[in-house]
Amino acid sequence: MMRILNRIRATGTLTEPAPDLHDPEIEALGREIKTQVDARFAGSLAIREVDAGSCNGCELEIHAVNGPHYDIERFGVHFVASPRHADVLLVTGPVSRHMETALRRTWEATPKPGFVIASGDCACNGGEFGVSYASCGAVENVIPVDIRIPGCPPSPVELMKGILALIGTAKTA
Amino acid sequence: MSRFDWLSEFLAELEEEHVVVHSGSARALAPAHLLRIDPEDWGKAAAVARNMDLRWAGIWGDEQDNDIVLSALLVNQGDYVVLRTAVLSDNPEIASHTPLYPGANRPERHLHDMLGVRFTDHPDARRWTRHRAWSEDQHPLHHDFPVAGNPPEHTPADADYPFAPIQGSGVYEIPVGPVHAGIIEPGHFRFQAAGEPILRLEERLGYVHKGIEKIAVGRDAEGLARLAGRISGDSTVAHTWATCQAVERACGMRPPERASIIRGLLCERERVANHLGDIGAICNDVGFAFPQMQCQALREQWQRHSAELTGHRLMMDVVIPGGVMINLDETAITGLRDAHVRLRDQARELFDILDDQPSLEDRLLTAGYLSPDTAKALGASGYVGKASGQAIDLRADGLYAPYSRLQFNTALSENGDVAARMGIRQEEVFSSLNLMDEMLDMLEQQSDRIDIFAELPDAPCGEGLGLIDGWRGEIVSYVRLDEEGRVARFFARDPSWFTWPALERIVLGNIVPDFPVCNKSVNGSYSGHDL
Ligand code: SF4
């Protein structure tokens with residue numbers, strides 16, 4: 001037990017300040033995020049991640065957002081286990097045809113207004129896979145999309161930017 | 001037994017069974033030995049292989065003119081043989097290998113769905129990769145099947161898939177997925193349980209089928225490498241490497257030595273990153289969050305370093321046909337050496353704590369047992385195989401540079417439980433660090449001005465086989481290029497093909513709430529399997 005405590009103490013806090021992106025728009029959003037989440041989402045923004053056909057690279061970076069360096073939960077943003085608890089769907093991958101109905105149903109199970117983030121190049125425009133007999137391509141070909149986060153995969157900082165941007169959109173929605 | 005000995009024994013046994021080998025070639029698909037046989041002998045040849053204890057490692061088909069050319073990959077301790085035959089496209093029927101090799105079950109069903117090959121005596125006639133995006137009489141890998149297909153406007157759920165039924169008092173079913181509760185890939189699990197213990201698990205995969213084999217056709221080598229890097233994002237280096245190796249062999253060229261060393265280094269980096277992530281996640285799945293946070297922190301530092309070196313946190317698109325995109329200079333090498341020292345210390349301290357936690361032991365020891373016999377029957381490679389006594393490691397076989405110049409011992413255990421699979425991963429973190437240090441030595445012995453890339457010949461043509469040990473295990477990549485150097489056929493076999501069926505056995509008798517930790521200890525790739 002002592003060794004665990006010592007290790008925890010030696011590790012200290014790794015969490016980094018919210019991304020300072022020298023982008024006045026995002027900086028303003030960054031300062032506002034907690035207020036926004038408090039005001040619009042009663043203190044918590046619940047995200048349901050849906051892999052609709054990704055290569056799993058996108059998932060690795062979404063995991064990282066929940067890790068100690070980024071720790072997105074401190075902004076009141078957390079990932080939930082069911083679409084029924086979600087304010088936002090974070091969708092990755094081109095939508096494979098075999099996932100098309102599952103994605104639609106997940107979307108239908110999300111309370112309205114449910115917001116959708118298309119995360120990663122595949123989700124934004126089909127990426128390397130495009131549209132084919134097996135792939136519907138971009139998420140917007142299947143369900144409406146509010147925000148797109150490009151990148152293959154988007155880095156944790158880009159993901160945080162995208163989620164901040166969504167909260168900005170949601171304010172006016 | 002030397003390669004020559006066992007191969008001549010194999011040929012003698014085939015002759016004994018009246019299997020005619022029409023031609024053999026040591027070069028056409030090197031390092032594998034290619035043997036052409038008659039379609040009627042397909043089953044008999046597999047029986048001979050089975051008797052000689054060869055491992056079955058995959059099957060693919062390739063429509064050429066009026067034929068479908070079939071290739072099955074067999075292995076004897078690091079020596080590969082490709083059995084090849086041809087059947088007529090309008091009546092493609094052949095003996096199944098599944099009765100002899102249970103690991104062949106899903107690969108053969110995949111081949112049936114994709115190319116219409118009927119396997120006689122296959123014990124399971126159900127579709128596998130096909131859901132409802134194309135019909136039973138269509139086969140996407142036929143040349144006359146358009147890339148766009150003709151899918152229904154909305155592809156319905158594959159609701160009528162006939163799962164094996166179970167009956168009995170108090171027996172119930174739990175359907176899970178395709179959308180899971182965590183941040184993970186989609187797939188369906190059908191549990192049948194009585195009380196808490198699992199009586200049976202049936203997996204239904206194919207949800208993330210993206211048509212990779214089809215959309216590869218017509219690409220140039222660079223485009224193929226990009227696609228291969230997205231077969232399974234967590235194995236992007238290993239898959240791209242396997243595919244580039246296949247392309248390079250098809251062209252009869254080799255990348256410069258420095259490129260091979262850098263590839264090896266990146267591939268070990270990928271292994272370390274994934275093992276760290278999974279060790280943490282396994283602990284988290286039994287409610288121990290401390291290692292999860294520690295491992296995530298180590299992994300994040302590691303990935304940032306990867307981004308510094310390669311411009312990409314997962315090192316995507318760094319391996320390219322003919323070489324690599326980045327060189328490592330003296331500063332980079334020193335930085336890597338320091339990072340290796342740091343990680344070795346940090347991992348040692350953390351793993352010592354884990355080894356000393358009775359509560360962790362209580363949950364992981366004996367949980368999720370896979371017997372060496374089952375692992376062998378399925379042909380499971382990687383940490384799943386190694387934790388159940390299967391010493392399958394292409395690096396140790398010295399099949400490719402830079403490993404052909406490195407000494408390496410495979411981590412091995414017979415215990416077969418979750419603890420053993422985690423233990424193998426812990427050992428591999430350290431052995432990878434040692435290998436990487438040796439690779440840095442090799443780099444330092446060269447001038448960093450030396451080439452890291454060689455042009456492919458103008459119109460490469462031919463076929464090649466890539467064989468790479470990724471962090472999950474053995475990756476096989478097959479490429480055939482046409483006269484213009486474009487892809488005519490591409491097939492990639494992720495190790496997950498054989499560890500997914502292992503998971504169905506692993507969970508038996510375990511309680512349903514232990515499924516996540518059993519699953520995580522295997523961590524099959526959905527995307528790598530579904531293609
Ligand atoms: S955007 Fe890139 S990382 Fe994400 S799913 Fe697509 S190919 Fe994979």
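A salt bridge here is a side-chain nitrogen of Lys or Arg within 4 Å of a carboxyl oxygen of Asp or Glu. With that rule, 5 salt bridges turn up across the interface of chain A and chain B. Before I go on, a word on the basis: this is a predicted model, where local features need pLDDT of at least 70 and side-chain atom pairs count only at pLDDT 80 or more, while totals for chains, interfaces and linings use all residues. Residues are numbered from 1 along each chain as its sequence is written, chains are lettered from A in the order in which they are written, and side-chain values use heavy atoms, with hydrogens and water left out.

One of these bridges joins Arg3(A) to Asp356(B), at 2.8 Å from N to O.

As for contact, meaning heavy atoms within 4.5 Å, 50 residues of chain A meet 68 residues of chain B.

Now, friends, over to chain B. Strand E2 (residues 33-37) has 4 of its 5 residues buried, so the rest of the structure largely encloses it; buried means under 20% relative accessible area with a 1.4 Å probe, protein chains only. E2(B) runs parallel to strand E5 (residues 79-88) of chain B, joined by 4 bridges, and there Arg36(B) has Arg84(B) as its bridge partner.

Note on methods
Buried < 20%, exposed > 50% of the residue type's maximum accessible area, 1.4 Å probe, protein only. Helix = DSSP H or I, 4+ residues; strand = E, 2+ residues; numbered from the N terminus. Pairing = 2+ DSSP bridges.
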